[in-house]
Amino acid sequence: MVTESRIEFLSPDAWGQWHTELLQSVVNRVYTRVPFYKNLLDKEGIDPSQITNVEMLKLLPFTTREDLANHYPYDFFAVPLRDIVRIHTFKSSQLSPIVIGYTKRDLEIRRFLAIRAFNVFGVRPEDIVQICLDPGMSMWSLELKEAAESLGALVIPPDPLRAKDRIKVMRDFKTTVLITTPSYGLYLLSIAREKGLGPRELSLRVGIFIGETLKDKDRKELEKGFGLRAFSIYGIMEAMGPVMAYECRDSKRLHLALDHVIPEVIDPKTLEPIFNGVGELVITTATTKANPLIRFRTGDLTKITYNVCECGRTTWRIDPIKGRSDQLVNVRGIKIDVGLIRRLLTEYCEGYEPKFLFVIRKKEFLEQIELWIAMDPQIFSASLPELHLWIRNLETKFKDYIGISCIVRPVEKRTIAPFLDRNKDIVYLDNNEINSLLL
Amino acid sequence: MLSIQNLHVSYGPIKVLKGVSLHIDQGEIVALIGANGAGKTTLMSTISGLLRPQSGEIKFEGQDIIKFPPDKIVKLGISLVPEGRQIFAPLTVLENLELGAYLRSKDKKGIKEDLDKIFSIFPKLKERKNQQAGTLSGGEQQMLAIARAFMARPRLLLLDEPSLGLAPMVLELIMDSILELNKEGLTILIVEQNAIKALEISTRGYVLETGRIILQGSSNELKEDPDVIRAYLGKDYEEITER
C-alpha cells in the first residue's frame, strides 16, 4: 500500500517478484496504450510476454529526452487526457518541448515519496520549512512545498527575496528545515556569517539539499555553519519527481524508490548494462499512469549498490551523482542543454553558427554562466552601439530560451581556441582564470 | 504464500493467459478483477491444478505445485470455490459440508469444531443443515459452497465470482462472511467481475486484461483508478484526446 514504508524493508526475493509484476504490468500497459512503445516493440519484434523477469529489461528499447520531445504532444500518454490533472512542460533541444502529464494518483505518489523521505529526515508538523530554490527549479519547489504542507509543517516557499532578507526571515521565523541546493546553501551561509549569525542565532535542524551533488567538504561546512543535519535527495522531473532517492540516517548513498521505479546502470557508449560500476542511470517508472517511461536515460552518472543498508532498508542505493553522460550541464540545479544554446545562436545569427565557449564561473559560491562568442566578420560590427545592442538582445533571448540569465562576451577567436581544439565547449573557470584569459 | 511467475495457459490454439505474474502474502485478501474473458477463471483453475499451463511457475509456500494433481493441491491447503457454486443438490447441507472435509474424514473432532465455526459465520446454514442443498436460495448455495471449501481446512481460499447472480443484500452477507473467514486467518484470492465489491473487501488487487496484468496496487488506489472505473463501467480508450 502506498502509505506504507514497510515496503522498503522487503526481502531481496520479494523484490524480485515485486519487480517482475511491476515491470510486466507496465510493459503490458504501454504496449496496449502508448503508440510510441507499441510501434517500437513491434518494430523490434518484442512481445511483452518475453519480459519474464527484470533481467529481460535489456530487451526493451531506451527512451530519451529527444524521444519525448519528438513525440509531442500525445504519443507518450497511456491514459486519456480526461484522467490527467496536471501537465508539466520542459525545454528540449528539439523543435517541440517535452510534455509530461500526471494523473491524480501520479501526483500522490510523488508527494508520498517526498513525505517518506521527510519522515526519515525527522521533519515534523511543528517544523518551519524554508525553501530557497532558483525560479528555474520552480516545479521542484512546488512539489516539495506540497509534500511539506501535507505533513502539516509551516512552509515558506521561494519568493523573489534577496539572500540577505531570506536569512532575516530564517532567523526571525526560526526556520528549522532548509531546502536548497548545496551551492545556494553555501551562499546563504556566507551571508549569515557576514551578519554574525551561526547555529546559536538560527534554529535550523535539518538541511535538505537538491539539484547538485552534495560534496563531503560542503556537507561538513553546511552542517557546522548552520548547525543542521544535512541530507541530500535526488530526482528528475520527467519521472517520479524530486525525491526518487534520498539519504537515510546511516548512509551517504541514496535509497531509490524501488517500489515505484526499476533502476539500471548502463554504459552510455555501448548501452550495455553495468552491474558493479559507474554508468548512466536508466529508470523504468513502473507505477506511473499518465506517462510511464521504459528505460528512460537520465544522463546522470552513478553506481548502484544492491546490498542491505545499515538502516535495514533493502532498497538499492545510488552513489551521489558523479556527472553527466550527455551534453546537459547542471547549473545551480537547472539542467541546460548545450545543443539548445547552439540552436539559439544559429537562429540568432540567421543560420550562421559562430564559435562559442560556454563558461560556468563560480562567484560567491553560486555558479554564473557566460557565453563567450568568437568575433568574426560574419557577426562583428564595428559600430560599438550596434555591437552592444547585439549582445543585449542575445542575453534577453538566452534568458527566454534557456530560462536562466547569462552574460554574453564577445572575445577574440584565439581566446577560446585552446578549449575548442580540445573539443570542449563547456568549461568551469574561476575568477582568476577568467581574468587571465580575458586580459 | 503463493507466487506465480510468467504463467501461460492456452485452450488449444487460443492463448488465455499470456505471462501472468502475481503473489499473495499470508493473511491477505487479494482481488483479481477484469472483464469477461480476461482469463480470471482460467487462472483459478490453473492454481487448483484443474488446468495444465504451457509454461510458468506456481509456488505455494516455496514449493513448486505446477505439476501437482488437484487433490494434492487441496491437501497442501488450497481450496477452490468454483464459479456457479457446483454444490451437490440432492445431498443435505450437512452432507455437503462433510464432503468438503472428505480428505480428513478421520479427524472427527476437528470437523465438529469447523462445523461449529461455519455455523456461527453462516447461521442460515445451521437453520437448514438437514435441508437438501438444491432447495436453498442462490445466496445460501453460495454460502454453502464457501463453507464446503472451508471444511477442507485450507490456508488459501480461491473464490471464483462469488457475487454471480446474487441480490445486493445477499451479496453484502457473502462479502461480510468472506471478511470473517479472513479474520479466522484464511488467505483469500477473490476473482470478480463486480470490481468495486471485490476491492472493498480486499487489501490489494490486480487488473487482468485479455490475459495480461496491466495494473496492480492497493485496493484503495485501484478503486479510484479511472481505468478501473471505466473498465467496470465498460467504457473504452478510443478517444485519447477527449477531455
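The model is predicted, so local features need pLDDT of at least 70 and side-chain atom pairs count only at pLDDT 80 or more, while totals for chains, interfaces and linings use all residues. Residues are numbered from 1 along each chain as its sequence is written, chains are lettered from A and ligands numbered from 1 in the order in which they are written, and side-chain values use heavy atoms, with hydrogens and water left out.

I begin with the cavities. A cavity here is a set of points, on a 1 Å grid over the protein atoms alone, where a 1.4 Å probe fits but cannot get out; its lining residues have an atom within 4 Å of a point. The structure holds 7 cavities of 30 Å³ or more. A volume is the space filled by probe spheres set on the grid points, which are joined across faces, edges and corners.

The largest cavity has about 360 Å³ of space. Its lining comprises 24 residues, and those nearest its centre are A:Thr287, B:Gln216, B:Gly217, B:Ser218 and B:Glu221. At least two lining residues come from each of H1 (12-33) and H4 (104-121) of chain A, and likewise from each of E9 (204-209), E10 (212-218) and H9 (219-223) of chain B. Here H marks helices (DSSP runs of H or I, at least four residues) and E marks strands (runs of E, at least two), numbered from the N terminus.

The second largest cavity holds about 80 Å³. Among the residues that line this cavity are A:Tyr102, A:Asp106, A:Arg110 and A:Glu238. Strand E2 of chain A gives the largest share of that lining, 3 residues.

I turn now to the interface. In contact, meaning heavy atoms within 4.5 Å, are 29 residues of chain A and 32 residues of chain B. The two chains bury about 2,700 Å² between them, 44% of it on carbon and sulfur atoms; buried area is the accessible area (1.4 Å probe) that two parts lose on being put together, summed over both. On the chain A side, A:Glu21, A:Arg33 and A:Arg82 lose the most area to chain B, together 24% of what that side buries.

How many salt bridges are there between chain A and chain B? The count is 4, a salt bridge being a side-chain nitrogen of Lys or Arg within 4 Å of a carboxyl oxygen of Asp or Glu. One salt bridge joins the side chains of B:Arg212 and A:Asp47, at 3.2 Å from N to O.

Terms used
1 Å grid on protein atoms, 1.4 Å probe; cavity = no way out; pocket = protein on both sides within 12 Å on 5 of 7 lines; lining within 4 Å.
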